[in-house]
Amino acid sequence: MEARDATAGALVSSDGEEQTAKKDAAPKKDTPETKSKMEKIFGFGKEDLTSWHSLVTLLNRPTDPASLGIFRCLFGLLMVIDITQERGLSHLDYKYLDGAPVCRFPLFNVLQPLPLDWMYLVYVVMFLGALGIMFGCFYRLSGLMFISTYWYIFFLDKTAWNNHSYLYGLIGFQLTLLDGNRYWSIDGLRRPSIRNAHVPLWNYTLLRTQIFIVYFIAGIKKLDADWVEGYSMSYLAHHWLFDPFKVILPVELINLLVVHGGGLVLDLTAGYLLFFDATRPYGIFFVSYFHCMNSQLFSIGMFSYTMLATSPIFCYQDWPRRFFARFPAFLRAVLPLTSPDPQPSTSCVYNEIQSSSTEHQETPTVPKASKMRLKHKLGAIFTILYIAEQFFLPYSHFITQGYNNWTNGLYGYSWDMMVHSRSHQHVKVTYKDGKTGEIGYLNPGVFTQSRRWKDHGDMLKQYGTCLNQFLPRYNISDPEIYFDIWVSINERFQQRIFDPRVDVVKADWSPFRPNTWLMPLLVDLSPWRTKFQEIEGSLDNQTEIVFIADFPGLHLENFVSEDLGNTSINVLQGKVNVEIVEEKKNYTLTPGQQIKVPAGAYHKVYTVSEDPSCYMYIYVNTTEAALQVNFTKLYELQERVRNGTETEPLPPELQPLIAADDEGSEVNATDPIVQLFLKRQRRMKEVKKRREAGALERLERFAVKKYYTIRRSFLMTAIAMRNLAVGLPSLEQLTREVAFANMKEAQAEANQDERLKDEVGHGEL
């Protein structure tokens with residue numbers, strides 16, 4: 001698939017584009033060539049697909065290098081920024097914890113991180129490779145430096161996988177093979193023979209098809225019933241970005257029509273809109289709006305900006321020449337070329353009409369008809385195989401069945417972006433001493449910084465094996481490891497994802513066989529989600545609810561916090577037996593029945609019916625409710641003091657309520673409730689101030705944050721390179737250097753920002 005190509009007499013949709021066709025086309029005959037309808041729409045005719053020879057000629061057709069060169073530069077720049085952020089250069093020492101006992105999750109178990117200083121060197125190589133791509137300097141070598149280190153880091157940690165990180169690696173791989181240094185590159189200055197030279201059409205075909213696949217397959221994956229019915233990302237409808245829609249639509253319809261319906265239609269149509277001349281302006285507008293919104297909705301690094309940079313690839317290949325031609329003449333020395341025509345290249349195949357005429361002096365000199373070579377055929381073969389592989393890989397999960405869980409495959413290469421959202425209610429890690437039989441419990445996530453292992457059987461196997469190796473250091477011999485993990489996917493019941501009776505250390509797992517200890521997703525219970533919304537809508541703001549589903553023969557052991565003074569279990573389906581551990585009593589419940597469970601104690605819920613049971617916990621955080629009542633009274637008292645309607649003198653413990661109005665004054669409250677009330681008030685003011693900040697203040701805050709991120713990246717890298725070159729300094733000197741790189745004041749401010757963000761996000765204010 002390829003958009004219309006200006007260099008081979010393609011469709012001319014405006015006067016400006018007609019000049020492009022004249023530049024790159026062959027000398028023309030007196031009688032204009034008549035084009036078929038297919039050629040006008042797609043840029044090639046049926047005759048270009050009738051034989052292998054004609055297809056190779058088509059894919060190696062000479063094409064303007066300008067658009068490819070600009071994309072190369074933009075991609076390299078974005079990867080330079082990405083390396084310090086999402087790739088983790090700014091916090092590499094925290095990421096790899098050199099020397100500490102850490103469980104890791106590489107794609108292949110033989111892959112392990114190098115010592116910390118050497119990992120910094122790996123990142124330096126990747127950074128220099130990205131710079132080389134951006135400037136087009138020693139282009140092939142730079143591409144190899146970037147993709148070799150990038151894919152090493154990518155395969156080193158499956159828990160960090162996502163679709164856009166995978167896409168970066170694919171684009172980097174493609175650019176390494178493409179002639180991306182033919183335009184606006186240092187290599188072009190060093191080697192005049194390649195400067196502003198034609199590139200074969202398959203260079204654009206690969207990139208355009210890759211981006212088309214990203215959009216289209218993402219749309220196909222969104223045909224999932226959960227997405228169509230609006231359960232995948234329902235929380236997004238409450239974001240401030242959708243406030244304009246709230247003027248005409250309720251939140252429920254914004255979720256269904258705008259968030260889910262709009263996302264589905266955009267992904268399915270974006271590739272086609274960008275492909276055709278008539279619809280391309282609309283496509284660029286909609287995908288630009290979409291990615292700008294995503295940059296605010298999600299923490300996805302450079303992905304939104306990378307996708308914005310890919311849109312011009314679908315335009316006429318000479319658009320940079322026409323764009324930069326509008327700049328003042330004194331800037332032309334540093335801007336990309338605007339006037340010269342591309343020079344011939346041995347990478348392309350020129351058809352005979354381009355060398356058949358020498359009478360037309362108004363056209364540039366072109367080479368004689370080039371003979372098709374092996375590299376032209378290899379380029380065509382690679383293009384076809386790569387595109388076929390990219391269409392196949394998102395549906396290859398029938399091969400790698402061991403990676404399939406409730407969703408197919410490892411998240412990151414299937415383009416099922418945002419289709420599944422998960423919440424974890426209960427995670428219990430149990431060990432059993434293989435010799436003594438002693439049973440104990442581990443803090444979930446011990447020896448690891450990741451949380452992704454809870455949803456993937458392959459990672460759970462790696463984690464269990466790692467715990468089996470570490471626990472003997474703590475006098476636990478030959479430990480058995482059991483996981484009891486409860487997950488809700490797309491607002492379904494909370495249910496077990498893996499069999500809690502299986503010792504994961506000894507459990508069988510293969511990448512090519514289904515996971516036998518994976519519990520099935522209870523999709524038959526999905527219609528209950530409509531009932532969930534009705535039940536939740538009938539509750540007050542202080543009442544919380546959790547929906548549980550469990551399998552016959554299993555039980556849930558749960559501890560009710562003392563803060564939850566009013567907790568009950570209501571049965572919706574099936575039959576359960578509730579055991580109050582301390583009272584040593586059992587109660588059998590059927591649908592419609594409920595029981596209150598004591599706070600500060602354990603209880604067990606056994607599923608005794610033949611079918612899965614469904615029940616719900618309804619609870620009120622009585623401690624928080626009482627706290628809110630006190631806060632309300634304090635706020636009312638504070639307002640009366642401010643407006644002068646309070647006639648009674650305040651006791652000493654409430655005097656800080658008056659001092660709190662003084663900006664910048666330090667308030668010392670002795671009463672813990674008053675102290676917490678004033679603390680929350682200060683944070684509310686700070687949050688309000690940040691939200692109401694002007695554009696310049698926001699820009700300054702953003703720039704300062706990025707400055708300290710980049711600053712720490714380079715300082716810690718310099719320390720590591722010095723260590724490799726001359727050895728480690730004294731511990732005191734190293735401590736001072738790291739402290740200087742950390743910039744404690746800025747770090748504390750950043751941590752405060754995160755706390756504010758966390759509190760606002762959880763509705764504590």
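This is a predicted model: local features need pLDDT of at least 70, side-chain atom pairs count only at pLDDT 80 or more; totals for chains, interfaces and linings use all residues.
Residues are numbered from 1 along each chain as its sequence is written, and side-chain values use heavy atoms, with hydrogens and water left out.

D187 sits in helix α9; helices here are DSSP runs of H or I with at least four residues, numbered from the N terminus. Leaving aside neighbours within four places in sequence, D187 is in contact (heavy atoms within 4.5 Å) with G136, C137, F138, Y139, N181 and I194.

One of those partners, Y139, also belongs to the buried set of α7, along with residues including F146, W151 and L156. The buried residues of α7 pack against α4 (66-84), α5 (92-96), α6 (116-135), α8 (163-177) and α9 (186-190).

How do α6 and α7 sit relative to each other? Their axes, lines fitted to C-alpha atoms over the stretch in contact, with angles from 0 to 180 degrees between N-to-C directions, come within 7 Å and cross at roughly 135°. The two helices are therefore oblique to each other: angles under 35 degrees count as roughly parallel, over 145 as roughly antiparallel, 65 to 115 as roughly perpendicular and the rest as oblique. Among the residues that meet here are M119, Y123 and I133 in α6 and Y139, F146 and L156 in α7.

Conventions:
Buried means under 20% relative accessible area, exposed over 50%, partly exposed in between (1.4 Å probe, protein chains only).
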